[in-house]
Structures are given as structure tokens and as C-alpha cells.
Amino acid sequence: MTPLEIVATVFVVVGTFFGLVATVGIIRLPDLYSRLHAASKSDTLGSVLSLAGLAIVLGLTTESMKLVFLVVFLFVTSPTAAHAIARAAKEEEVEPIGEGEVPWTTDQEEGNS
């Protein structure tokens, strides 16, 4: 295994880890804004790292340039989409859950499962 392949493997593994973190965040976090944060930050970073790893493996080819363009596209569109979703939720008066108010713990404590 060449050093370039090791670097690419590290990028893909770290990108997969951040994708997993984003998935857990979307499932576990209590409200829309928190889930949006997990999805926009971790998922973007995970996707970008995975695509960068693939571009490293491919070298200087047309396919790797397409992956670079896709990375740039993700860096531009993912935060923009997250901002638009958060703004739409704010305009629809979706309230964030306050500090210490986690719905699944209060339901279990009150016996309302």
C-alpha cells in the first residue's frame, strides 16, 4: 500500500465516521434546529472527506476533477440549504426545545411513554 493510498484510506474512514456521527445526531437530538446542525456540519464534512479520499486515489484525472467540483458544490449548497430550512422553521414559529427540556426523559419520568 502506497503512502497516497494510506492518506486516501484515512480520509474515507474519517469521512465515514463523520457520516455516522451525523446519523446519530439526527436520530438522537431533540429538535429540528439541533438535528439540522448535526446534519449540516457533520454530514458535509463526512461527505467532503470521503470524496477527497476518492479523488486522491484517482489522481489527476477527469473523474477526480469532477469529484473536486462536487466537493465545492457540497461546501456551497449544504450550509445554504441548512440556513434556508432553519429560516423557514423560524418563520413558521417552530420553537427550539429549551435547555434541560429533553422530551424523551420527561415522558419517561412522567410515565407517558
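Residues are numbered from 1 along each chain as its sequence is written, and side-chain values rest on heavy atoms, with hydrogens and water left out. Because the model is predicted, local features need pLDDT of at least 70 and side-chain atom pairs count only at pLDDT 80 or more, while totals for chains, interfaces and linings use all residues.

A search of the whole structure turned up 1 salt bridge (a side-chain nitrogen of Lys or Arg within 4 Å of a carboxyl oxygen of Asp or Glu). The partners are Glu91 and Arg87, with their closest N and O atoms 3.6 Å apart. Both sit in helix 3 (residues 62-91), 4 residues apart, or about one turn of the helix. Helices here are DSSP runs of H or I with at least four residues, strands are runs of E with at least two, and both are numbered from the N terminus. Glu91 counts as exposed at 55% relative accessibility, and Arg87 does too, at 52% (exposed is over 50%, buried under 20%, partly exposed in between, using a 1.4 Å probe and protein chains only).

On the aromatic side, there is 1 pair. The ring centres of Phe17 and Phe18 are 5.7 Å apart and the planes meet at 70 degrees, so this pair is edge-to-face (centres within 6.5 Å make a pair of Phe, Tyr or Trp rings, taking the six-membered ring of Trp; planes under 30 degrees apart are stacked, over 60 edge-to-face, the rest tilted). Phe18 is partly exposed, at 24%.

An unreviewed UniProt entry places "transmembrane region" at residues 6-30, 42-61 and 67-86; such annotations may be inferred rather than shown by experiment, and the positions follow the numbering used here, with feature names shortened. Residues 6-30 are 92% helix and 0% strand, with end C-alpha atoms 38 Å apart. For residues 67-86, the span is 100% helix and 0% strand, and the end C-alpha atoms lie 28 Å apart.
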